[in-house]
Amino acid sequence: MSKIAVIYWSGTGNTAIMANEIAAGIGTDAEVFSVDAFHGNVADYDKIAFGCSAMGDEVLEEAEFEPFFTAVEGSLKGKKVALFGSYGWGGQSIGQVEDELKACGFEICLDKIRVNYIPKKEDLKAITEQVERLFD
């Protein structure tokens with residue numbers, strides 16, 4: 001059985017909604033953590049979904065998520081990784097992280113999951129359908 005973490009930062013709750021939907025789609029194997037509540041070691045997990053809202057000029061949140069992600073990035077080699085987040089304008093920040101990880105040879109499990117502002121019923125349905133393929 002795989003050990004799976006869903007780790008996120010959410011400023012308004014939109015990305016938290018997505019994190020919980022992803023975890024529900026994965027099932028009992030998933031553990032959900034906000035970045036500030038994660039005190040474990042990413043090396044202990046086989047698969048990890050990272051979520052962050054896009055901030056300002058479509059960058060990752062800089063006070064908590066970006067430093068956390070930078071600190072654990074070196075521990076992700078050989079792990080399956082998925083990325084998700086909400087955004088207000090273009091939603092490029094999650095794509096930038098995906099591009100960076102791919103360039104370093106990381107395995108991204110599925111296309112990034114992005115939602116504009118508040119996840120709607122159809123967004124959550126699409127997330128659930130994508131999560132069924134997550135980490136196969």
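1. Buried denotes a relative accessible area under 20%, exposed over 50%, and partly exposed in between, with a 1.4 Å probe and protein chains only. A54 is therefore buried, at a relative accessible area of 15%.

2. This is a predicted model: local features need pLDDT of at least 70, side-chain atom pairs count only at pLDDT 80 or more, and totals for chains, interfaces and linings use all residues. Residues are numbered from 1 along each chain as its sequence is written, and side-chain values use heavy atoms, without hydrogens and water.

3. A54 belongs to strand β4 (residues 54–55); strands (E, at least two residues) and helices (H or I, at least four) are DSSP runs numbered from the N terminus.

4. T15 sits in helix α1 (residues 14–26). Because its relative accessibility is 0%, T15 counts as buried. Leaving aside residues up to four places away in sequence, T15 is in contact (heavy atoms within 4.5 Å) with Y8, W9, S10, G51, C52, S53, F84, G85 and S86.

5. A nonpolar core is a set of buried Ala, Val, Leu, Ile, Met, Phe, Trp, Tyr and Cys residues joined through side-chain atoms within 4.5 Å. The largest has 18 residues, and I7, F38, V42, I48, F50, F65 and F68 have the most contacts inside it. Two or more residues each come from β1 (4–9), β3 (47–52), α2 (65–72) and β6 (80–87), with α2 giving the largest share, 4 residues. Another core, of 17 residues, lies apart from it and includes M18, A23, A49 and V131.
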